[in-house]
Each structure stands twice: as C-alpha cells, then as structure tokens.
Amino acid sequence: FTEKFFNEYYGVDTWTDDWVEAAYLGQETTTFERSGIDFSTSSWTIEKRSTAFEYGILTLVLWQYVVGSLEMATYKCDEYDGDPARSLPHWDQAVALYAGSAVLDDPEGAADRGHLLYTLANEECYYFGRCREGEDSPSNVELFRMFNDGQRQLELGNCEAVDGLLAEMVPQLLVPLIQGAIRTTFILDEYPVHSPHVEGRAAAFYSAIVPLIEDCSPGDGEFLEENMILGKRSSFGYVRGVLEQCYDDLEVTCEMIGGLLDNKFTGYVVGGEACGGVEPVPGVLKKPNPVDFRVPASSPTSPSAPSSFSKSAQSAGGGNELALAMGLTALCATFVTLCAYVVVKTNKPRDGPASRAASPQLPVKKRVLKFSRDSSRGQEGVPPREMFVGGNGQPGNETASISPSSSKDYANSFAEKEAQLAEIEQQIAGGREIV
C-alpha cells in the first residue's frame, strides 16, 4: 500500500497530520526520521505557513486518502470475493475526495472551480501546455474514465480488472504533484521577488514527492531539499533533471507532464521545454505583441502570467511602460521647445542688414534630434528597444541631444544666406539688375 511506503520513509504513521500541524503552529516536524521541515524559523512568515498548511492538506493529506481509498476498495474486493457492498463505498469516497462537491454538483464548466486535487490538476495542466484554459486536464479525463469503469467492475465483482485500473491511476495522480514541484522551483530560482506563498507551495510539493524520488534515485532527495525548501539555494534546472530521470520509474511520460510555459503563453521558458520534443496542445500559445519594449519573461518581470510569478512580471512590465512614456514625453517636449525658440527668433522685427548680420539666428529647419546611441531606429519610426532598456536591462537611460556639429553648420549656412540677402537689398535700393 502507498500509505505504508510513505510511513516507512518518514518513520511515523501520523506524518501527514504532524506536517500540517507543524505548519499551522510554526513548529518543527520533530517526529520525522528524515526530510523534516522546521516551520519555527523567522523566515517562515504567517503568509508562507498558511500556504504550506493549505497545500499540505491538498497534496499530502487528501492525496494519501484518495490513493489509500482506491487501494482499500481493491483490497476489499479481493478479501470479500467481489462483494460490492464492501468495496464500492471506498471507491466512491476516493472520487468524492478527489473532485469535491463543487464539481460533482455542476460538472458543466467546472474545470476551474473547487479547491481540491481535480482543480489543481487543471491549473497545472494549463501552465504546462497540456490543455487549454477552462478545459479538463488529460489526467482528469483519464481518471474519471477509470473512476466510472472501476465502479462498473466493482459492481460486477471483477476484482482483477480493478487492480489493473489502479495501476494506471496512480501515475495520473502524480502528474499535478510533479508539475507543481517544477513550477514552484522555477519561480524560486528565476524570480528574486515573488509572492510569499510560493515557499509554502514548494514545501508541500517537496514533501509529497521526495519519498518517491529517494526510492527512485537514492541521495537525490537531499538535493531536492536544498533546492525547494525555504532558506536554501534553488536550481530549477537541477530539480527538473532529477524529476525527469525518474519518469520511467514513476510510470509517467513526457507527454503527461509537458513543459513550463512563459508568463505570456508564447512558448516554453528557457530550460523548461518538455522532454521528448512534446509541443503544447493547439490553442494554448498566444501570439506575442509585435511592439513590446518590456523585458522578456526569462527575467523577473512575467508568467505572466497566470500564476504567482506573473504578478511580479506585471509590476515590472508597468515600470518599463512608465519609463517608455517618460522618455517619449521628454523627446516631444524638447522638440516643441526648440521649434518655439526658432519661430520666435525668426519672426523678430528686423532693424536692417547690420543688425541682422550682427545677430545671426537659427533658421526654421527640421528637428535636430538624434538618439544618444548608434543603434538604428526601429521599424516605421519606432525607437529601438535599446533606447529604453540599457545594457544592464534597466530603464531610464534614454536621452536626446542636439548634434553640436550640425548646429554649427546650420549657423554658418544661415550667416551666408543673410549676407546674400543684404547684397540683394542693396542692389534693389540702387536700381541695379539682379543677376
């Protein structure tokens, strides 16, 4: 039984209750023989512990109950010669704990409702490109097919068929746990500023999968702890690699897991591509904005995104848009000021050739503004990206200046034109023919 396997790993039969209680009270999981978590440190704020408490109930307590109830149903079927009165209640209990009443009461459009494992599977599925928003994940589709098939087989007393279904169901139940572990580690690694709830989710996903990973690859559980638990380093690439090498042992596939999409849903994040060359399902990816001066999703701006890391992305994107607006405003203000200056000077009443020759003014010409960098302009007159995002990726480096050499050339040219105009006026005054 799965419950026995986890109990032997943690060294205590009440490990799920002890974990949730420690997160709630801010204590250490002292009963664990290994892979315990100390929620008593100051780093574990109330926000982080509350999320750990919530996701601990979901991924540890309920997940164990669902799998345990399914296994108990098959056990009762074998023990009591296929008596459905003994086995069906456990099977029904597993379905109820997995889906919840919000889904069962109104299945239509229920993909994004509820708070249990069914909803978690749909959420993670969308982020990994395995289903469109608002749709059931492939894992949920398969699970409910097997839920219904198992119910019919138990009613018929066909215990062997139910045993076969159970072997197929456990890998499907593992999919959202693996996806959740990958996504939260990515946020911890790539986003220095993120929601305080991410650490709580990462801790819950870690405790849910570390016994399985340690059984698959002894020693890797310690490295998962170093990369997923609060206060320790985080490496998204390493965690993803550790999990992927155990896919065969866990009987999950690259197609079942997928790859982590960026916060704008335009493709996989760098290093988060699906193994086996699996592509997102049609209709998930969105077309990128052709004119977008914001920093790409690989740095702390995204997500986007439909997740906790998307909030930090939207915040940083707004800052870049503000810098862009301020830069364009500065350019426009400089241009208007220059034009006003030239118009005023050229319309000033003239006192004669001597006065004009003594005070040459800049003529009304096209604006003499250029970007401070040597990079070419963007298409259709759009300033290049480098003007608003400098080499260090920070906005606010935009400048506009008048070329000194160009200004001097215009002034000399204007003086020559003024001299020619004075000579023509003298010719007119003397009645001579103008050549």
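Accessible areas come from the Shrake-Rupley method with a 1.4 Å probe, and for residues only the protein chains shown count as cover.

**View 1. The whole protein and its surface.** This is a predicted model, in which local features need pLDDT of at least 70 and side-chain atom pairs count only at pLDDT 80 or more, while totals for chains, interfaces and linings use all residues. Residues are numbered from 1 along each chain as its sequence is written, and side-chain values use heavy atoms, with hydrogens and water left out. The protein exposes about 22,300 Å², and carbon and sulfur atoms supply 52% of that area. Of its 435 residues, 45% count as buried (under 20% relative accessible area; exposed is over 50%, and partly exposed lies in between, with a 1.4 Å probe and protein chains only). You can look for 16 helices and 2 strands (DSSP runs numbered from the N terminus: H or I of at least four residues for helices, E of at least two for strands).

**View 2. The largest cavity.** A cavity is a set of points, on a 1 Å grid over the protein atoms alone, where a 1.4 Å probe fits but cannot get out; its lining residues have an atom within 4 Å of a point. The largest cavity holds about 70 Å³ of space (the space filled by probe spheres set on the points, which are joined across faces, edges and corners). It has 13 lining residues, and those closest to its centre are Ile182, Arg240, Glu244, Gly258 and Gly272. Helix H11 (residues 236-244) gives the most to this lining, with 3 residues.

**View 3. The second largest cavity.** Here the volume is about 40 Å³. Among the residues lining the second largest cavity are Ala121, Cys125, Arg130 and Met256. Helix H6 (117-127), helix H7 (138-156) and helix H8 (159-190) are the elements that give two or more residues to this lining.

**View 4. Asn140 and its neighbours.** Asn140 is found in helix H7. With a relative accessible area of 1%, Asn140 is buried. Leaving aside neighbours within four places in sequence, Asn140 is in contact with Tyr98, Tyr118, Ala121 and Asn122 (heavy atoms within 4.5 Å). The side chains of Asn140 and Asn122 are joined by a polar contact of 2.9 Å (a pair of N or O atoms within 3.5 Å; within protein, one must be able to donate a hydrogen and the other to accept it, and residues adjacent in sequence count only if both atoms are side-chain atoms).

**View 5. Tyr80 in its loop.** Tyr80 lies in the loop between helix H3 (46-79) and helix H4 (84-99). Its relative accessibility is 33%, so Tyr80 counts as partly exposed.

How values were computed. On a 1 Å grid over the protein atoms alone, a cavity is a set of points where a 1.4 Å probe fits but cannot get out, and a pocket is an open set with protein on both sides within 12 Å along at least five of seven lines; lining residues have an atom within 4 Å of a point.
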